[in-house]
Amino acid sequence: MFDKVLIANRGEIALRIIRACQALGVATVAVYSEADATARHVAAADEAVLLGPPLPQASYLNIPAILEAARQTGAAAVHPGYGFLAENAAFAEACAAAGLAFVGPSPAAIRAMGDKVEARRTMQAAGVPVVPGMQAYLSDDPVEAAAMADEVGYPLLIKAAHGGGGIGMMRVDGPAKLAKALDQAQRRAARAFDSSAVYLERAIDHPRHIEVQLLGDHHGHLLHLFERECSVQRRHQKVVEETPSPFVTPAMRQAIAEAALAAGRAIGYASAGTVEFIADTDGQFYFLEVNTRIQVEHPITEMVTGVDLVQWQLRIAAGEPLTLQQADLSQHGHAIEFRIYAEDPETFYPSPGPLEVYEEPAGEHIRVDSGVQQGDVVTPFYDPLLAKLVVWGPTREEAIRQGHQALSAYRIAGIKHNIPLHQRVLEDPGFVAGTYDVHLLSRP
């Protein structure tokens, strides 16, 4: 195991990685921007290095500064968390060139899944079902683009070929709206991912968003840790996740897990990673993408399996073989995660400002992974995620009841937050019945 790990991230995920390192007896190095000088992750680490000004390009995306921090502190490995540089193949390669272990999959695996069009081709070759759509980038020529769209068929989705998180995604219901939607999608993709390349997929009506957690080592072992339901979304961003999915039958669970394992094997996956699928009302599922990193929602899998995914990321990166066996893994009970954001629950606009009051719920079967404390100032520079509230119950009904109680016990003042939105979700008849889809929050 490594003597010391640098954590190239901030907030709750940095603290989560610090806890995993402490459990393994590994020293930690935090990095931070000027805006995060008093942040919790800075105080929690054994050492901390200032990267630069608040803007991500000058701090958390500054690869030379991060590598220099690792060199100065004698770190042996770098854990990127999620977001920022977590799925940046060039960063993984730069770590290797600097003699640092990258806590994640190989640069080749990251690069293979970073281009969504190439990823579709790879998955089709591996026998993984993909959504009907294009196997090439959408042409900039309006006439060619219209012909491509007619071939895919309406309704369709325009999607960014690089990046993720639903950024740049546009639904088009007919030819008359294609040109405007294409322009918007390309501009958003270029702004977010420095690439305007987009492609087309057929839109699935009333879709469910189901993902499968994978864990693989460098010795040829690959496991799945079952599925998560991520269909409660706003603007294509996940808000509430649960496991097991109330939609997935035992037969579908086996089939989607086998498809996820085939996807992982196709790219030689080693680390924690997630294969995302979209499912229609008949239970037919299709490949969306592979997230080559730890997921925001990984705690619910940990709650129902008892497996510490972040510790295993570190152990795998250090060359250890998996000692887990697929036959020994099972889902126990039900877990739900609520992403607690500093944002207006009606408009979803960020709400930076001082956390005048911040008190988290506590109790049996309640877990809060947070990155803030009372008195902190939520800055406008980064994602406004404050914490992840995770509840567990022996049944889904009990987990929902736990969620009600925990949300009611949260105390936040000084900023707007989305706890009222979570409370409405738990009261929604479709959510309670488990019949909801990704449009739950967009319906009046």
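Buried means under 20% relative accessible area, exposed means over 50%, and partly exposed lies in between (1.4 Å probe, protein chains only). This is a predicted model, in which local features need pLDDT of at least 70 and side-chain atom pairs count only at pLDDT 80 or more, while totals for chains, interfaces and linings use all residues. Residues are numbered from 1 along each chain as its sequence is written, and side-chain values use heavy atoms, with hydrogens and water left out.

Figure 1. Strands here are DSSP runs of E with at least two residues, helices are runs of H or I with at least four, and both are numbered from the N terminus. Two strands pair if DSSP finds at least two bridges between them. Strand E9 (residues 208–216) pairs with E12 in the antiparallel sense over nine bridges, and glutamate 211 has glutamate 276 in E12 as its bridge partner. E12 is also joined to strand E13 (residues 285–291), again antiparallel, by six bridges. Look for isoleucine 278, whose bridge partner in E13 is tyrosine 286. E12 and E13 make a hairpin with five residues between them, and glycine 283 in the turn has a positive phi of about 90°.

**Figure 2. An open sheet with parallel pairing.** Five strands line up in the order E3-E2-E1-E4-E5. Strands E3 (47–52) and E5 (101–102) stand at the edges with a single partner strand each, so one side of each has no neighbour in the sheet. Strand E2 (residues 27–33) pairs with E3 in the parallel sense over five bridges; here valine 29 has glutamate 47 of E3 as its bridge partner. In a regular strand, side chains alternate between the two faces of the sheet.

Figure 3. Tyrosine 154 and proline 155 are joined by a cis peptide bond, with omega about -5°. Proline 155 sits in the loop between helix H7 (142–152) and E6. Strand E6 (residues 156–160) then pairs with E8 in the antiparallel sense over five bridges, and leucine 156 stands opposite arginine 202 in E8. Four of the five residues of E8 (residues 198–202) are buried, so E8 is largely enclosed by the rest of the structure.

Figure 4. Most residues other than glycine have a negative phi, and most peptide bonds are trans. Phenylalanine 226, in strand E10 (residues 222–234), has a positive phi near 70°. Is phenylalanine 226 buried or exposed? At 12% relative accessibility, phenylalanine 226 counts as buried. Histidine 236, in the loop between E10 and E11, has a positive phi near 65°. Histidine 236 is partly exposed, with a relative accessible area of 39%. Further along, threonine 243 and proline 244 are joined by a cis peptide bond with omega about -5°; proline 244 lies in the loop between strand E11 (237–243) and helix H9 (250–266).

**Figure 5. Aspartate 183 in helix H8.** Here you can find aspartate 183 within helix H8 (residues 178–193). With 39% relative accessibility, aspartate 183 counts as partly exposed. How far apart in space are aspartate 183 and alanine 37? They are 40 Å apart, C-alpha to C-alpha, and 146 residues apart in sequence.
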